[in-house]
Amino acid sequence: MAMMYFSQSFQLFAYAVFIPAAAYYVSGYMAELDQVKGQAFITSAITVGGVFSNLVSGWILDNLGITVMLITGAVVCGVGVVIAFFSMSSASSRHRTT
């Protein structure tokens, strides 16, 4: 249980960086009238992603085991990092030229 609390404590730092970054991204790339809608879309995407990942992870855990679940989680996180890296680099190059 102590390890669970330890790992969850990192959520404090991740959330404290992620939410202001999402608001900054929306304010930088969306029209002023659409900024609330953009932040709502980000919040909705986080919620839908959490529900979907819990359902898929539960199915993998029940049917394939914890090792496969952990490997799948690591692979999906790696793919997300690559997508975020390329998305941010292409967005920054588009932003610089305008």
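How many residues apart do Phe6 and Phe10 lie in helix α1? They are four residues apart, about one turn of the helix. An α-helix has 3.6 residues a turn, so residues three or four places apart point the same way. The model behind this description is predicted.

The secondary structure of the protein consists of three helices and zero strands. From the N terminus the order is α-α-α. The radius of gyration is 17 Å, well over the 13 Å that the globule rule gives for 98 residues, so the protein is more spread out than a compact globule. Along the principal axes, the C-alpha atoms fill a box of roughly 50 × 25 × 20 Å. Of the 98 residues, 5% are buried. The accessible surface is about 8,200 Å². Carbon and sulfur atoms account for 74% of that surface.

Confidence was examined next. The mean pLDDT of the protein is 85. A value of 70 or more is reached by 91% of the residues. Among the elements, helix α2 (residues 35-64) has the highest mean pLDDT, 91. Helix α3 (residues 66-97) has the lowest, 82.

Helix α1 covers residues 2-29, 28 residues in total. Its first and last C-alpha atoms are 41 Å apart, close to the 40 Å expected at 1.5 Å a residue. The helix bends by about 30° at Ala14. For helix α2, the 30 residues should span 44 Å at 1.5 Å a residue. The end C-alpha atoms of α2 are 42 Å apart, which agrees. Gly65 follows α2 and has a positive phi, near 105°.

The structure holds three aromatic pairs. In one of them, the ring centres of Phe6 and Phe10 are 5.2 Å apart. Their planes meet at 85°; planes over 60 degrees apart count as edge-to-face, so this pair is edge-to-face. Phe6 has 47% relative accessibility and counts as partly exposed. Phe10, at 46%, also counts as partly exposed.

Tyr25 and Tyr29 form another aromatic pair. Their centres are 4.8 Å apart, with 35° between the planes, and the pair is tilted. Both tyrosines lie in helix α1, four residues apart, about one turn of the helix. Tyr25 is partly exposed, at 45% relative accessibility. Tyr29 is partly exposed too, at 40%.

Methods: Residues are numbered from 1 along each chain as its sequence is written. This is a predicted model: local features need pLDDT of at least 70, side-chain atom pairs count only at pLDDT 80 or more; totals for chains, interfaces and linings use all residues. Side-chain values use heavy atoms; hydrogens and water are left out. Helices (H or I, at least four residues) and strands (E, at least two) are DSSP runs, numbered from the N terminus. The expected span of a helix is 1.5 Å times one less than its number of residues. The bend at a residue is the angle between axes fitted to the seven residues ending there and the seven starting there. Rings of Phe, Tyr and Trp (its six-membered ring) pair if their centres lie within 6.5 Å; planes under 30 degrees apart count as stacked, over 60 as edge-to-face and the rest as tilted. Buried means under 20% relative accessible area, exposed over 50%, partly exposed in between (1.4 Å probe, protein chains only). pLDDT is the predictor's confidence in each residue, from 0 to 100. The radius of gyration is taken over C-alpha atoms; the globule rule is 2.2 Å times the number of residues to the power 0.38. Accessible areas come from the Shrake-Rupley method with a 1.4 Å probe; for residues, only the protein chains shown count as cover.
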